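Subject: Structure handover

Hello,

Here is the structure I said I would pass on. Please open it and keep it beside this email while you read my notes.

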Amino acid sequence: MGYAAEIKKAKVIFSLASGHNFYFYNREKRPVFFDKQAEILKHVKPVSFRDGKSRELFYLKKLPRDSGRVLDLKYWLDLIRKPVDLEYYIWPVDIVGLSEDLDEYDYALVFPFCAWPDFVHITPFLSNLDIDANPQNLWPDSEFYLGRQNPIVRSLVKSLLDAWCAYDRSNYAYHEFSYANIYYLKNDFRVKFDFSFSAHRSGMATDRKIVDESRITADYADPYYYYSKKSGMDLYSDYFAMAAILFKLLIGRLPYAGSILEGEPNIKESEHALWLKIYQKNPVFIFDLEDGSNRLGSGEPEIYQNRWNQLDQSLRNMFHKTFQRANVLRKTDDLIFYTPHQWQQAIVRMSRSVEC
């Protein structure tokens, strides 16, 4: 393989999972991988994977600073050895120390590198731009209009729910659900999630983890977490984010973005930051049955109202219960969040009733 000559010119780093494994790399080669520049490694020998293929190329992602200066190696090894469903999620296969002095903070996770199909960001579907509501927006492509009438949206919703169910069965919490971490294949709309550095085994729904705010998309963040960041995030935070993303795809608005943000999508970034404080600390659902303080504003609210009315009553009830103020601010002991499987069942029932 000619590795000996390459190793002489490259930096060698050793696996912390096994003393018999090492990688080497030349920093001159840094291809773009899933929209990010990757540090490509070669393993000392090809590695066989569950799919029956062997790979010699890998890439690095440094552990973020909030992982702590003292490495909890047992935590990361346990996570690496118990992966989620790799059909939908990117997952690490090793952890390495980048510094010769492992007492210093300098570690990275290792991921297998391969020629992925043409995955693209889900951003246009979850952005604040909606063709039906804003004909003069920046997205001329008709595929980006929202609502379940769009067959592309229906395909994305199905694939997202399949992926969420797979993750939920693994007993992990993800905590970074957002357009920044979700990709899809343009030919069949199958989704792929980037790895979440906030991932952790969640034995109980209330198991909490402190998460770096910079990795959280506030539009989809659990209001309770946002209102009291010291409390961290739990599995209910994941369930809220899932519901918010589903709501955005099916309706075209965020659950609390009514008259508070009438200027959307042309709102300035500073105004959006100010709105987020209101959005998270005063979460009034735009279709709240009793509180009308955040009803849809001017513009074209009938589009969103029509999409809402076209949902089954049972699905509307689930959104009502999820987004009610007392629930998302955790002011009651009777929390009402739905698992990915429950959302999946509700969507399937609605699809069957429409077909009939």
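Leu249 is buried, because its relative accessible area is 0%. Bear in mind that this is a predicted model. Leu249 belongs to helix H6. Leaving aside residues up to four places away in sequence, Leu249 touches Phe125, Leu126, Leu146, Gly147, Val153, Val157 and Leu160. The C-alpha atom of Leu249 is separated by 9.1 Å from that of Tyr145, although the two residues are 104 apart along the chain.

Next, the helix packing. Helix H4 (residues 151-169) packs with helix H6 (residues 235-251) at an angle of about 170°, and their axes are 10 Å apart. Angles over 145 degrees count as roughly antiparallel, and H4 and H6 are therefore roughly antiparallel to each other. On the H4 side, the residues in contact are Val153, Val157, Leu160, Leu161, Trp164 and Asp168. On the H6 side, they include Leu235, Tyr239, Met242 and Leu249. Of the residues in this contact of H4 with H6, twelve are nonpolar, none is polar and one is charged.

There is also a sheet. Three strands make up this open sheet in the order E9-E11-E12, with antiparallel pairing. Strand E9 (119-121) and strand E12 (191-193) are its edges, each pairing on one side only. On average, neighbouring strands are turned by 35° against each other, direction ignored. E9 is joined to strand E11 (residues 182-185) by three bridges, and Phe119 has Leu185 in E11 as its bridge partner. Helix H4 lies across E11 and E12, at about 40° to E12.

Last, the salt bridges. The count is nine. In one of them, the side chains of Arg330 and Asp222 meet at 2.7 Å, N to O. Arg330 lies in the loop between helix H10 (325-328) and helix H11 (340-355), and Asp222 in the loop between strand E13 (200-201) and helix H5 (223-227), so this pair ties together parts 108 residues apart in sequence. Arg330 also meets Asp234 in a salt bridge, at 3.1 Å, N to O. Asp234 is in the loop between H5 and H6, so this second pair ties together parts that are 96 residues apart in sequence. Arg330 counts as buried because its relative accessibility is 16%, and Asp234 counts as buried at 1%. Through shared partners, salt bridges join Arg208, Asp222, Asp234 and Arg330 into one network.

Regards

Terms used: Residues numbered from 1 in each chain as written. Predicted model: local features only at pLDDT ≥ 70, side-chain atom pairs only at ≥ 80, totals over all residues. Heavy atoms only, no water. Axes fitted to C-alpha atoms, helices over the stretch in contact; angles between N-to-C directions. Helix = DSSP H or I, 4+ residues; strand = E, 2+ residues; numbered from the N terminus. Parallel < 35°, antiparallel > 145°, perpendicular 65-115°, else oblique. Contact = heavy atoms within 4.5 Å. Nonpolar A, V, L, I, M, F, W, Y, C, P; charged D, E, K, R; others polar. Pairing = 2+ DSSP bridges. Buried < 20%, exposed > 50% of the residue type's maximum accessible area, 1.4 Å probe, protein only. Salt bridge = Lys/Arg side-chain N within 4 Å of Asp/Glu carboxyl O.
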